[in-house]
Amino acid sequence: EPHKQADFFRELVSRASSIPGAETAAVAMPLPLVGDSLYGFLVEGRPSDNPPSANYYAVSDTYFDAMRIPLVKGRFFTESDSLDRPRVAIINETMANRYFPGEEPIGKRMHITNGPTAFREIVGVVGDVKQYGLNTTTPAQMYEPYLQRPQSSMHLVVRAAGEPSGLYS
């Protein structure tokens with residue numbers, strides 16, 4: 001059940017964050033350089049004949065901090081971006097520049113085509129992340145809080161405050 005999946009990963013992040021030597025922890029599906037999920041999207045009020053696509057990530061609110069992905073404008077996700085709240089999304093700079101040239105993407109609404117029609121308000125723009133290798137062009141990327149679309153399987157990311165090997169002892 002979605003709320004049980006969300007609760008499980010919320011608890012996992014909390015416990016991983018409390019490991020001695022851990023600075024922060026997060027969950028995400030997928031991770032850069034590990035795999036990808038490519039989904040179409042529709043921007044509200046624009047033609048929907050041939051929707052463009054972007055890399056999709058379901059992430060916890062701590063993901064951007066754990067991965068050191070900078071906020072360019074708007075806001076990051078918060079714990080309050082949950083199942084019972086209005087849907088939200090964050091996009092990367094490449095997506096903002098490619099699909100919203102000369103426009104303000106914050107406040108626009110988009111539907112990610114990997115499920116029932118549900119428009120999400122774009123609340124933030126973050127820095128680009130290499131998905132397919134360090135020498136490749138950065139694709140358009142869109143993020144959704146995993147609390148609004150719980151997953152049955154996610155990757156755990158833990159940022160160590162010092163030497164990462166200290167997390168295992």
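Buried means under 20% relative accessible area, exposed means over 50%, and partly exposed lies in between, with a 1.4 Å probe and protein chains only. Keep that in mind, everyone, as we walk through this structure.

A word on where things come from: this is a predicted model, where local features need pLDDT of at least 70 and side-chain atom pairs count only at pLDDT 80 or more, while totals for chains, interfaces and linings use all residues. Residues are numbered from 1 along each chain as its sequence is written, and side-chain values use heavy atoms, leaving out hydrogens and water.

Let's start with helix H1, residues 2–17. Helices here are DSSP runs of H or I with at least four residues, strands are runs of E with at least two, and both are numbered from the N terminus. H1 has 16 residues and reaches 23 Å from its first C-alpha to its last, close to the 22 Å expected; that expected span is 1.5 Å times one less than the number of residues.

Which residues of H1 are buried? They are Ala6, Phe9, Val13 and Ala16. These four cover an arc of only 100° around the axis, which puts them on the same side of H1. The arc is taken from the directions from the helix axis to the C-beta atoms. Here is the general idea: an α-helix has 3.6 residues a turn, so residues three or four places apart point the same way. On the other side of H1, Lys4, Phe8 and Arg15 are exposed.

What do the buried residues of H1 pack against? Strand S1 (22–29) and strand S9 (155–160). Contact, by the way, means heavy atoms within 4.5 Å.

Now for the core. A nonpolar core is a set of buried Ala, Val, Leu, Ile, Met, Phe, Trp, Tyr and Cys residues joined through side-chain atoms within 4.5 Å. The largest one has 25 residues, and Phe41, Ile91 and Met142 are among those with the most contacts inside it. H1 gives the most to this core, with 4 residues. A second, separate core has 17 residues, including Leu31 and Tyr57.

Last stop: the loop between S1 and S2, where we find both Pro30 and Leu33. Met29 and Pro30 are joined by a cis peptide bond, with omega about -10°. Leu33 is not a glycine, yet has a positive phi of about 70°. Is Leu33 buried or exposed? Leu33 counts as exposed, at 55% relative accessibility.
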